[in-house]
Amino acid sequence: MVYQVYVRSFADGNADGVGDIAGLISRLPYIASLGVDAIWVNPWYVSPLLDGGYDVADYRDIHPLYGSLEDAKRLIDEAGAAGIRVLVDLVPNHTSWDHAWFRAALDADPGSPERSRYHFLPGKGRHGQLPPNNWKSVFGGSAWTRVPDGEWYLHMFDVSQPDLNWDNPDVREEFIDILRFWLDLGVSGFRVDVAHALVKEADYPDAEDDTDAVLSNPTGEGHPLWDRPELHDVVREWRVVLDDYQEKVMVAEAWIPSWERLAKYVRPDEYHQAFDFHFLKAPWDPEAVRATIEGSVAATASVGSIPTWVLSNHDVIRHVTRYGLAPHVEERAWLLSGDEGRLDLDLGLRRARAATLLLLGLPGSVYLYQGEELGLHEVHDLPEGVIDDPVWERSGHADKGRDGCRVPIPWKREGPSFGFGDNGSWLPQPEIWSELSVESQDGVEGSTLELYRAAIRVRAERLGDDESLEWIDVGPGALAFRRGGGVTCLINYGDEPVSRPEGVLLLASGPLQGDSVPADTAVWMADT
Ligand code: BGC
């Protein structure tokens, strides 16, 4: 069980309004109290922070806003002493434009070794005034930007994030060295950013569709940018490095539409884990959810691996809000319109709590995102003036971006930033977060925080050793399965109450009606 820490928004130790390593260290007892095995820390490296740190200028040093390498080491040691491992984020698809390599590439000539570490190409058109092909940036607009001498460079994300050329041996060696640097410092592994990117088709053909094609195309075959077969060679090289150490892991962030292709990432000599985003995207519907569970379990089993589940992270709308939106509301458009009438947060929280019992009842690994254990929702009404996500500008203000799930954590009931720090927070928190703060929920029976703690504890005690799952027919509207440890999980998606399975009640996500489980509620029952 891994807890994701978005360090910028977790806890501020030096009163500058931004979270940091000192703040994180001070909150290790809280993380330990959740019962998780590890934390994954989002990028904390030197960076101009034009994409929240996913624009790395120096992979071997810490951004001064967050602390120093000594602080990182202290975190790894103190977390280790508390039984918590530390995973860091590896960002191999692109660097920042402030990285020494990119600066050198800009100063060098077309065709130079410095440029060949990135993707520099002449443009099309009589004067090379058109981009080399039709590839689009994930954040909007063309994926190519022209430099003063006329060449264009590729950036699948922001203009400040030039893509590295993974056919270049310098790039391969550099990242092996970066892996060793962090492993030697004591981290337990890496979450690998856009793991399905990396290698591009060598002759840069036009894409038949836009960059999202791989997400809508069920096979993902043959896209020039995404999920190229060649990238697996790179992963195997990394795996050899990790296997030189004891008990290290890599988890892939790969938004892949087909389970069959996703399973390739977790073959025995590649990643240990790959997030299954089908589960996160599934609607509130038992058949859809069951299909994602079956798909992921079968695909990972076919390569001898297990699934990795997640409901929220720093890139998606928090699941309390997702589940509280009327069906068929397009999330991005809703974020912009701010039409609150279509959001029911009470319903969203009820469903989120039920989904948590489902999530923690599943076989495989689970990642939690900071604040979900408090039932935090997306802050959809952040004023435009505070928006930091490059998506906002690059989409021409058509997409509000991801800041709403990155708002700093409320620790206390009171105070200017609800205990996040002593001097405000870099994004404003809603007043209602006082009631959702750690202080308001700690030790309070029935709170979301205590539900998470209890479910994590029972999962560790009873569901640890046996990965089996057996479906139980409970009629339409609900899902139920029995796990090897003698625990049955039932979740009711329908409108009508459903009978509770036999056995002893271990946990319920909300109030029960006698022996019935009401709508939008889940239970765990034990055989004995
Ligand atoms: C990260 C994002 C980031 C993007 C580019 C991802 O998928 O999770 O936060 O913007 O990669 O690095």
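Guide: The residues of the shell around the ligand comprise 7 charged, 3 polar and 4 nonpolar. Here Asp, Glu, Lys and Arg count as charged, Ala, Val, Leu, Ile, Met, Phe, Trp, Tyr, Cys and Pro as nonpolar, and the others, Gly among them, as polar. The model is predicted: local features need pLDDT of at least 70, side-chain atom pairs count only at pLDDT 80 or more, and totals for chains, interfaces and linings use all residues. Residues are numbered from 1 along each chain as its sequence is written, and side-chain values use heavy atoms, with hydrogens and water left out.

Visitor: Which residues are the closest to the ligand?

Guide: A residue is near a molecule if one of its heavy atoms lies within 4 Å of it. The ligand is surrounded by 14 residues, the closest being Asp51, Asp193, Glu253, His314 and Asp315.

Visitor: How far is an oxygen atom of the ligand from an N or O atom in the side chain of aspartate 315?

Guide: A polar contact is a pair of N or O atoms within 3.5 Å. For aspartate 315 the distance is 2.4 Å. The protein covers 97% of the 310 Å² of accessible area that the ligand has on its own, by the Shrake-Rupley method with a 1.4 Å probe.

Visitor: In what order do the strands of the open sheet lie?

Guide: Strands are DSSP runs (E, at least two residues), numbered from the N terminus, and two strands pair if DSSP finds at least two bridges between them. The 8 strands follow the order E11-E10-E9-E5-E2-E1-E13-E12, with parallel pairing. Strands E11 (273–274) and E12 (308–310) each have a single partner strand, so one side of each lacks a neighbour in the sheet.

Notes:
Polar contact = N/O pair within 3.5 Å; in protein donor to acceptor, adjacent residues only side chain to side chain. Helix = DSSP H or I, 4+ residues; strand = E, 2+ residues; numbered from the N terminus.
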